[in-house]
Amino acid sequence: MGLSRALLDVTPLRTSPDYRRLWIGGLLSGLGGQMAVVAVLYQVWESTRSPIWTGAAGLAQALPIIAFGLFAGALVDRVDRRRFYLITKIGQAVCAALLTVQAFTGGSAPLVLCLVAVQSLFVAGGGPASRTFLSRLLPAEQLGAGLALNRISFQTAMLIGPALGGLLISRVGVGGCFLIHTLTFAVALWTAMLLPPMPPAASPGLTGVLAGLRFLGANRAVRGALLTDLAATVLAMPISLFPVINADRFGGDPRTLGLFLTAIAVGGVVASALSGTFTGAKRPGTVMLGGALTWGVALALFGLAPTAWAGLVLLAVAGAADTVSVVARSTVVQRHTPDAFLGRAAAAEQIVGQAGPDVGNLRGGLVAAGSSAAIALVSGGLLCVAAVAVIAARTPELRRPDIR
């Protein structure tokens, strides 16, 4: 394979103006969202000095998505998806504006968390809606490339957004950071307004949550893809163990702790940059399974790493494997889901992506508390490998060539 074919395929950005505008809007609103995360944590900490309150900020963001995601996905499949997405973006923009106002007027931590929770309700609907756009804006052969481009947009926001947020807070304060977060929604709204109408394809009898759950249970490929992601995150998520590993193995240096997180992100960015090697694969399910297995093996070996540098390399491998698995999983879900169920399948993906890492970090912490961080990492990685192997063996649909 030539170098040009191995690199990130930007064909969707070149050939689809609608996708290009949507991608730019998503990147800017993603950067604003990551800046806002830092601003929320900073304001809550400054006003309470309590780690319980800062932890509650994460729950305020996650719980509405988990609780209402499937209902929002069912609504996405019932209405014009473009119009619904516009409504959710307007709702998020209003919440961002209110966060700005309260920051300039000395708002309290409970008010901040209430606004974050309400904004997350709109995210619970906007996320599944935006995930359904690709199958209508791009031809099937460009779907994998579009998902990889979305992934690198997300990773760019994760890498740059928090640093920009910290810089802005130091220069213009929390209110100024929230204000810029609000302004990024203007671009996202503009890009959404230029999208073509996307009326529902479902008949009235197929739009309920129960119908969506029956579909997810009956479609073995989609079910296997979601279970693979849960196996990787619930059983092997390592983030909560980084401080303990750093203290036990590497002297507790905060610079090393920061590099652990950076290494995962760097691995993901490299995999995205070379995504041409896997986005066109005829068996995306096999690619997903291979990525999940590599993630588990790399994290198990990280638990045994003798030096910080060896650990960083293994975390970079894990980050790359995670990106490969996530892009391939989304490809499987998109291509094996009829348009009538795409909103609910996308909502399930969002819930799995939100809840799995949180539960996995809790699992790792509980196991480490009863044994050690190394045991938690090694056992989690090995359990992930075993679970993914079982899913692969019991779901032959994931190992077959793509149906399209």
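**Helix packing, burial and aromatic pairs**

Reply: Helices H14 and H15 (residues 342–370) pack with their axes 10 Å apart and at an angle of about 155°. Helices are DSSP runs (H or I, at least four residues), numbered from the N terminus. This is a predicted model, in which local features need pLDDT of at least 70 and side-chain atom pairs count only at pLDDT 80 or more, while totals for chains, interfaces and linings use all residues. Residues are numbered from 1 along each chain as its sequence is written, and side-chain values use heavy atoms, with hydrogens and water left out.

Me: Why are H14 and H15 called roughly antiparallel?

Reply: Axes are lines fitted to C-alpha atoms, for helices over the stretch in contact, and angles run from 0 to 180 degrees between N-to-C directions. Angles under 35 degrees count as roughly parallel, over 145 as roughly antiparallel, 65 to 115 as roughly perpendicular and the rest as oblique. The angle here is about 155°, and H14 and H15 are therefore roughly antiparallel.

Me: Which residues of H14 and H15 meet?

Reply: Arg329, Ser330, Val333 and Gln334 in H14 meet Leu342, Ala345 and Glu349 in H15. Contact means heavy atoms within 4.5 Å.

Me: What makes glutamate 349 count as buried?

Reply: Buried means under 20% relative accessible area, exposed over 50%, and partly exposed in between (1.4 Å probe, protein chains only). Glutamate 349 has 3% relative accessibility and so counts as buried. Leaving out residues up to four places away in sequence, glutamate 349 touches Arg131, Leu226, Arg329, Ser330 and Val333.

Me: Why does leucine 137 count as buried?

Reply: Leucine 137, in helix H7 (residues 134–137), has a relative accessibility of 14%, so it counts as buried. Not counting residues up to four places away in sequence, leucine 137 touches residues including Tyr19, Leu22 and Leu195.

Me: Why is the pair of phenylalanine 242 and phenylalanine 302 called edge-to-face?

Reply: A search of the whole structure finds five aromatic pairs. Rings of Phe, Tyr and Trp (its six-membered ring) pair if their centres lie within 6.5 Å; planes under 30 degrees apart count as stacked, over 60 as edge-to-face and the rest as tilted. The centres of phenylalanine 242 and phenylalanine 302 are 5.9 Å apart and their planes stand at 75°, so the pair is edge-to-face. Phenylalanine 242 lies in helix H11 (residues 242–249) and phenylalanine 302 in helix H13 (residues 284–302), 60 residues apart. Phe242, Phe260 and Phe302 form one aromatic cluster.

Me: How do you know that phenylalanine 302 is buried?

Reply: Its relative accessible area is 1%, so phenylalanine 302 is buried.

Me: Which residues touch the most other members of the largest nonpolar core?

Reply: A nonpolar core is a set of buried Ala, Val, Leu, Ile, Met, Phe, Trp, Tyr and Cys residues joined through side-chain atoms within 4.5 Å. Of the 67 residues in the largest one, Phe260, Trp295, Phe302 and Leu315 touch the most other members. Helix H14 (residues 308–335) gives the largest share, 10 residues.

Conventions. Helix = DSSP H or I, 4+ residues; strand = E, 2+ residues; numbered from the N terminus.
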